[in-house]
Amino acid sequence: MLARCIEKIYIWRKRARLYSIPILNPHTLRRLFQRPLCDKRFLDSIKCRWSADSALLKMGKRSRQRQKNQNQLGGRKDDRDNNAGWGAGYADIIKENKLFERYYKELGLVPEGEFEQFMDAMREPLPATIRITGYKSHAKEILHTLKEKYFKEIQEVEIDGQKIEAPQPLSWYPDELAWHTNMSRKILRKSPLLEKFHQFLVSETESGNISRQEAVSMIPPLLLKIEPHHKILDLCAAPGSKTAQLIEMLHSDQDVPFPEGFVIANDVDNKRCYLLVHQAKRLNSPCIMVVNHDASCIPTLQIIDSNGEKDVLFYDRILCDVPCSGDGTMRKNIDVWKKWTTSNSLHLHGLQLRIAVRGVEQLAVGGRLVYSTCSLNPVEDEAIIAALLEKSEGALELADASADLPGLKWMPGVSSWKLMTKEGQWYSDWSDVPTNRHTQIRPTMFPPKDAEKLAAMHLERCMRILPHHQNTGGFFVAVLVKKAAMPWNKRVPKLRKHPSSGSAAQTADSPAGTTPTDASPSEAAPEDVEGGAEEEETTPKGEKAQEEAPKRDSVCGPPPQKKMKLFGFKEDPFVFLTEDDPVFTTIQSFYDLSPDFPKQCVLTRTHEGKKRNLYMVSKELRNVMLNNSERMKVINTGVKVLSRNSDGEEFGCAFRLAQEGIYTLNPYIRSRVITVSVEDIKVLLTQENPFLTKLQQDSHAQAKKIGMGSIVLRYQPNPDNAAEPQCAIELCGWRGKTSIRAFVPRNERFHYLRMLGVEVFRDKQGGQGQGRRDGGEEEQKEGETTEQGGAEQRAEDTEKDVGSAEPKANGGNPGTS
């Protein structure tokens, strides 16, 4: 009975995902496994749940069918033009907002005589921009392909009498790795030549080699000045384009698979975290961790220092790209034209300030925080910076970043501004605000009154990018450097609790009446650490300290203490393997891993049963995860390096290599490596199951010496042959009895073939053009990157490996269990 129940649950869950209807969470599913068969009461409750869920499922199915029929008939229940085609819903939106024009014209943020140009630019579509992933060794090859092939071919193209402008590099982005063009998606689909270019962009984007990102969105990571050893926090990371930049900069040294630094990417929205995971997974980095917390009270984390003592984790770099009204995105988000009002900024100001305060609290002394918004409103921009500087009492300094991005046009920040309500009422000072408005308008929304203090802030160092200056979106960015601990985080040292004593002794200089509630980092309760109280940087490690109560009128005080609440889907556990785990015995001998292979950094996602996949993280992230499992909700981390092979044990190892982690694991592999040529790679990526005899002589000889099982196919560039790729290529493969093949996902196959000069594109039906075979099914992504993110998803979706079709007669099937 229980087996049938479980089987039926799986069927319902699979169908339900088609209609986005939740059916039986993983917790309930696990309880099913633990209940005895005789527990009729529990099974009856599950049966009732089935009835309710099946009703919802049928409703969702009927609704979906009605929508499908309605779309086929072309019928809509609103007044929109049915014949206008895709995107007709925006036809009724008039790009005009009188309140917006009146507000910004009065503020004077736009230079005199340029306001009409500013408004005209806001009404124009935003040009498309792409960024090449800079840290990968393939970046130069992709750039060469773009410049010498696609960009040259589209220079003379005309569509509907409109000449397509050749893409141009962004003058302020380093190494010509960012480009912009006036082509829209509609234009890209109108020409077969541009269609190939569009497919190239889509394919390379999915492979993680290109990112389609707005130009101004690329600015904040550049201003952080990231180095490989930096510990980085992205407070509001989703959807992840800036996070991808942070990862790239962390891996600037391609010869170091595990940089000392890491990126912790956070977002408050659980569902958007999975979009963030998807973006980060494309880069295959072991130094990224995605967490799900409210940025305004993200917990303080602990780590073990070099002396073996617990210490508070402070970040060297923090990106604070806060939620905003988004009036700088009107060129791409057309809804903002009709939804914009001054109330949006007033409502968001408090949240933005709380997030920024939490950011500077977690920043290390000497660290760098970049605050940015896609809003032009001073209430969301300079007002936040001024409030931080005023309350920091000299602990923060607004850095001058004018020379960091040569070629970027920007306007300096303003030091005077005023507020306007949605009714059109202006206020220039807090004293003018009536009492009934005090809950909506706060003192920190106005510039400081003290002229000397205001001048010392140097608000002109803030950078505001206007759309008409360089044909971009609107943006605001400011760089803050932390000079000392925040004044509200200074604490009085207290004696550390001795293990043999039951309580901590209080020193003579402790404030009278205080209790030892703030324990040392090694003894602090989770709720104490998560409440937002920062440990004093100057306090000796291991000592306890008492936080001074913030002033009542201090707007920038630390957020109140509260326990962490977990929302969204329950994730599978992250279980680190011990160095003596039996799983390493065969892996070590089969692949001849070097002695310095970090076994302690290998983890899996299950406590029980066989380990399906093995992942790797950096030592620093492992340190964070082991010491903060109860303080943070981790959505995803690590890169998959090994995957269980159903038939691998008969060949000597139960795990095969995974392509997404090959560049991480490659430095430690000393066996089962075949050096291949360009012609070999072409054969392996265009033929499904080539015989060993189709390889070049040297490669064939190497393959014959290697037994059946998982292998590494390695290409080393030849500096004397400029026509060939000048970067190393690592591919996962399988050596059969008489054949050999590559385990590479479809998009990566296209990527490597383009690098080798082979024209590859898909036809209208989604197949592969030019008469070439794909070489197998696409390797499916892991279940943890989907929105469900739980064990039930991974239990249902078996991995479809590109080599699953190899016949057993030819040396065994490397399918997964």
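Some ground rules come before the tour. Residues are numbered from 1 along each chain as its sequence is written, and side-chain values use heavy atoms, with hydrogens and water left out. Because the model is predicted, local features need pLDDT of at least 70 and side-chain atom pairs count only at pLDDT 80 or more, while totals for chains, interfaces and linings use all residues.

**The big picture**

The protein chain has 24 helices and 31 strands. Here helices (H or I, at least four residues) and strands (E, at least two) are DSSP runs, numbered from the N terminus. Of the 817 residues in the chain, 55% are buried. Buried means under 20% relative accessible area, exposed means over 50%, and partly exposed is in between (1.4 Å probe, protein chains only). Contact means heavy atoms within 4.5 Å. Among the chain's contacts with a separation of 6 or more, 75% are between residues 24 or more positions apart.

**Inside the protein**

A nonpolar core is a set of buried Ala, Val, Leu, Ile, Met, Phe, Trp, Tyr and Cys residues joined through side-chain atoms within 4.5 Å. The largest one holds 146 residues, and Trp172, Ile264 and Ile385 touch the most other members. Another core, of 28 residues, lies apart from it, with Tyr591, Phe597, Leu642 and Cys653 among them.

Now for a buried asparagine. Asn266 sits in strand 8 (residues 262-266), and it counts as buried because its relative accessibility is 0%. Leaving aside neighbours within four places in sequence, Asn266 has contacts including Asp234, Cys236, Asn292 and His293.

**Two helix pairs**

Two packed helices are described by the angle between their axes and the distance between the axes. Axes are lines fitted to C-alpha atoms, for helices over the stretch in contact, and angles run from 0 to 180 degrees between N-to-C directions.

| Helix pair | Axes come | Crossing angle |
|---|---|---|
| Helix 21 (residues 678-686) and helix 23 (residues 746-755) | within 10 Å | roughly 150 degrees |
| Helix 13 (residues 342-362) and helix 14 (residues 382-392) | within 10 Å | roughly 45 degrees |

Angles under 35 degrees count as roughly parallel, over 145 as roughly antiparallel, 65 to 115 as roughly perpendicular and the rest as oblique. Helix 21 and helix 23 are therefore roughly antiparallel, whereas helix 13 and helix 14 are oblique to each other.

Who meets whom? In helix 21, Lys682, Leu684, Leu685 and Thr686 meet Arg749, Tyr752 and Leu753 of helix 23. That contact splits into four nonpolar, one polar and two charged residues. (Ala, Val, Leu, Ile, Met, Phe, Trp, Tyr, Cys and Pro count as nonpolar, Asp, Glu, Lys and Arg as charged, and the others, Gly among them, as polar.) For the other pair, His349, Gln352, Leu353, Ala356, Val357 and Val360 in helix 13 meet Ala383, Ile384, Ala387 and Leu388 in helix 14. This contact has eight nonpolar, two polar and no charged residues.

The peptide bond from Ala238 to Pro239 is cis, with omega near 5 degrees. Pro239 is in the loop between strand 7 (231-234) and helix 10 (241-250).

Which phi does Glu176 have, positive or negative? Its phi is positive, about 55 degrees, although Glu176 is not a glycine. Glu176 lies in the loop between strand 4 (168-169) and strand 5 (178-181), and it counts as partly exposed because its relative accessibility is 33%. Asp592 also isn't a glycine, yet has a positive phi of about 50 degrees. Its loop runs between helix 18 (583-591) and strand 23 (602-604).
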